[in-house]
Amino acid sequence: MPDSNRKTSGPSSGTGPSSSSSPSPTATPTADRSPGVDEDAPSGSITSYTVGLLFALALTGASFLVSQTQLLWAPGVAVGLAVLAIAQMGVHLVFFFHLSSGPDNTNNVLALAFGVLIVALVVTGSLWIMYNLNLNMMPSSAIMEMRQ
Amino acid sequence: MNINAATEFTDGSAQMTAADGAGPAPVRIVVAYGFWIFLLSDIIMFSALFAAYAVLSGQTAGGPTAHDLFELRNVAIETLCLLFSSYTCGLGTLAVERRRMPHFYVSFALTFALGAAFLGLELAEFSRMIGAGAGPSRSAFLSAFFSLVGLHGVHISVGLIWIVFITAQVAVRGPRDFVLRRLRCFSLFWHALDIIWIALLSLVYLMGAR
């Protein structure tokens, strides 16, 4: 009974017919496979790569358009470019890295969230500190006057 | 008694995992997770250089500015090279999974050629800038520019060497499990370089050339 339970609720259910216990026509000799190994599970499909490429090309084109024309209100161009870049990173993560909300990906998504947090801290923290230092720095002419 | 207890314990834990539906994760998943953490640490290292560039991009010391130096046509071609090489890299990995070896060799030859074209364009740009007196020692802006873009170029070079090695492994060892895992790691690395290039393109080139 436990065996039949395990087969129906195994970790590889839903990923397709390529679990190691069932003989599939495309698999190479399965005699040397251990139960936790399912190397034939596909990583994406040609369709997903093509869709991702088309999205990426469209977003890149939009970035060039926004930066080279007067389409956007000039002070808003930086925000527009940032939005387009983040959107394109999302497209790459979904269509090229195959990051999803599935159970296999929970750890990857959590690690990504932590990485984004650290990157945000490093970049905004540096910009903030250096901006403040710049504001509070004495102009070089004033330093010269103090030395005299 | 002890033995009974032990068997009871193992039985209980076995039932528990069966009920959870969460046995040990496949090796494929674990390897990809570890490599993903490496890639994130690499991206964090890049973020420090991005922060340095953002702080220093205005400090030209009277030298050439970003607007004077960047040629967007060149940058657009570089971007296309990277995007399409990412695409062919993904297709090549799929081809090995489906045991279509000729497809794999064509895809990875294209990936290598596009990556090499990107690197050639970047080196040509660097040498043109250095020849025009805008080398990394000219100003803080140029130091930050060369270290940031140059580090991405170094990653591309490492990727090109890696393509050669992984293709040789697939040719010699065949599409076995461990070769497939290494191939997927390379594929993730190559896609990650694309993500960094998007940030570079937006922050350095498109913002700078305005």
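In this predicted model, the centres of domain 1 of chain A and domain 2 of chain A, taken over C-alpha atoms, are separated by 25 Å. Local features are given where pLDDT is at least 70 and side-chain atom pairs count only at pLDDT 80 or more, whereas totals for chains, interfaces and linings use all residues. Residues are numbered from 1 along each chain as its sequence is written, while chains are lettered from A and ligands numbered from 1 in the order in which they are written.

**Domains of chain A**

- Domain 1 of chain A covers 45–98 and domain 2 covers 102–148, with bounds that come from an automatic or database domain assignment.

**Fold of chain B**

- Chain B contains seven helices and zero strands, where helices (H or I, at least four residues) and strands (E, at least two) are DSSP runs numbered from the N terminus.
- Read from the N terminus, the elements of chain B follow the order α-α-α-α-α-α-α.
- Of the 210 residues in chain B, 35% are buried, a class that requires 20 or more other C-beta atoms within 10 Å of the residue's own, with 12 or fewer counting as exposed, values in between as partly exposed, and C-beta atoms placed from the backbone.
- Among the contacts in chain B with a separation of 6 or more, 82% join residues 24 or more positions apart, a contact being a pair of residues whose C-beta atoms, placed from the backbone, lie within 7 Å.

**Interface between chains B and A**

- On the chain B side, 50 residues are in contact with 48 residues of chain A.
- The elements that give two or more residues to this side of chain B are α1 (2–20), α2 (27–56), α4 (72–97) and α7 (177–208), and the largest share, 15 residues, comes from α2(B).
- By residue class, the side of chain B that touches chain A has 32 nonpolar, ten polar and eight charged residues, with Ala, Val, Leu, Ile, Met, Phe, Trp, Tyr, Cys and Pro counted as nonpolar, Asp, Glu, Lys and Arg as charged, and the others, Gly among them, as polar.

**Positive phi values in loops of chain B**

- Most residues other than glycine have a negative phi.
- A61(B), in the loop between α2 and α3 (66–69) of chain B, has a positive phi near 55°, and it counts as exposed because it has 9 C-beta neighbours inside 10 Å.
- R99(B), in the loop between α4 and α5 (101–131) of chain B, likewise has a positive phi, near 60°, and is partly exposed because 14 other C-beta atoms lie within 10 Å.

Technical notes:
Contact = placed C-beta atoms within 7 Å.
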